[in-house]
Amino acid sequence: MNPDVPQPPHSSSSPPPSPWAPPSSAGEPPRPPGQAWPGGQGWDRPPEWSRPPTGPVRAPSGSRYDEQGRNGQGGRFGWIGELSAVVGLVLLAVVVVGIVGMVLAELLDAGPADADSDLFFENPVADLVVQLLGIAIAIPIVLWGARVIGRRPAGTVSSVVGRLRWGWLGRCAAVGFPLMVVQIGVLIAWTWNDEPVGESGSGFPGWPVFLLSLAVILALVPFQAAAEEYVFRGWLVQVVGRVVRTPWPAVAVASLLFALAHGFGELSGFLLLLYSALWWGWLVIRTGGLEAVIVMHVANNLLAFGLAAGFGELASTETAADAPWQAMVAELVFAPLYCLTVARTAGRRGIERVSP
């Protein structure tokens, strides 16, 4: 063979490439470490399942509201870390808001005249702002805990669809607000001779103060009431729900803590809170979200604070734990009336009870 004559690129003596050989990487750009080649898996590509999820993970389709924390993240005892971190942050936030309130009252020389008072400000409207903010701040904390520690979408604390269902919330409000007006009206009429409304207050404070009070109440009470629902009927039920098979232990524990969180007053008040909380916990599971119970809590607190503002009782330190026995009897009727009505409406309208 003449060496000066160019030879063909493939000699007849060269063996054909084996069909079982791995694909050649000649001419391909270098692969970034830890990343698979686009277009599927190959001989030199790691399997897709080897990459752990980097974002929030939803619970499996068909999960109840209390099961939204069962997304396989955090290990068997991960719920303990989430519970400890969120409870600690909520308590810390309450203390910080209280300290800020005391410092402002001291700087403005607006503290209560009585050194033994439980109030931050002598002005009841300013004091109400501090108290409401101290509770409302729990909302971003529990959402953060669900997202960062629980590694699930924060919206799953609102409902099984991952968000607040505003249309459904509006329908619940159409039922809840009129019913709450009737309930409070019945209670006022029933207890009028025992303790007329406003008897313990200073009377109507005047239109400027009353309107300012209403503005604060309308602006902050919905967040304060919703925060209590997000903590007790929402996030806490889902955290306990990670380790129990049915929702009812979680509902029972959260309901008891909700009643205790309002302090110790009358036995009738404690029983009222516990009874209401159990019904509301059932309603959350039945409707797959917090919308219906947020409505009822907001309605109750708006009317209660509004009446207190009108009769000069905003400085009162009484809570629902101090409710009389007549309030407990009324709740025996109105709590199931609201919950069963809303649950039936949810069934007729196909409101999601489990995650899609």
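Which residue forms a salt bridge with Asp66, and how far apart are the closest N and O atoms? The partner is Arg64, with 2.9 Å between the closest N and O atoms. A salt bridge here is a side-chain nitrogen of Lys or Arg within 4 Å of a carboxyl oxygen of Asp or Glu. The model is a predicted one, where local features need pLDDT of at least 70 and side-chain atom pairs count only at pLDDT 80 or more, while totals for chains, interfaces and linings use all residues. Residues are numbered from 1 along each chain as its sequence is written, and side-chain values use heavy atoms, with hydrogens and water left out.

Back to that pair. Asp66 counts as buried because its relative accessibility is 0%, whereas Arg64, at 24%, counts as partly exposed (buried means under 20% relative accessible area, exposed over 50%, partly exposed in between; 1.4 Å probe, protein chains only). The two also belong to a network of salt bridges that links Arg64, Asp66, Glu67 and Arg70.

In total, the structure holds eight salt bridges. One of them joins the side chains of Glu291 and Arg165, at 2.9 Å from N to O. This pair ties together distant parts of the chain, 126 residues apart: Glu291 sits in helix 8 (residues 291-310), and Arg165 in the loop between helix 3 (138-149) and helix 4. Helices are DSSP runs (H or I, at least four residues), numbered from the N terminus. Glu291 is buried, with a relative accessible area of 0%, and Arg165 counts as buried too, at 6%.

Arg233 pairs with Glu229, the closest N and O atoms being 2.8 Å apart. Both lie in helix 5 (residues 207-240), four residues apart, or about one turn of the helix, and both are buried.

Then there are the charged patches, built from residues with over 30% relative accessible area and no salt bridge, like charges being joined within 9 Å. Areas come from the Shrake-Rupley method with a 1.4 Å probe. On the negative side, Asp114, Asp116, Asp118 and Glu122 gather on the surface. Asp116 is placed in the loop between helix 1 (78-107) and helix 2 (124-136), and counts as exposed because its relative accessibility is 67%.

The positive patch on the surface is made up of Arg171, Arg344, Arg348 and Arg349. Helix 9 (residues 325-349) gives the most to this patch, with three residues. Arg171 belongs to helix 4 (residues 166-191) and, at 44% relative accessibility, counts as partly exposed.

Terms used. Patches are made of residues with over 30% relative accessible area and no salt bridge: like charges are joined within 9 Å, nonpolar side chains (Val, Leu, Ile, Met, Phe, Trp, Tyr) within 5 Å. Lys and Arg count as positive and Asp and Glu as negative; His and the chain ends are not counted. The place of a charge is taken as NZ of Lys, CZ of Arg, CG of Asp or CD of Glu. Helices (H or I, at least four residues) and strands (E, at least two) are DSSP runs, numbered from the N terminus.
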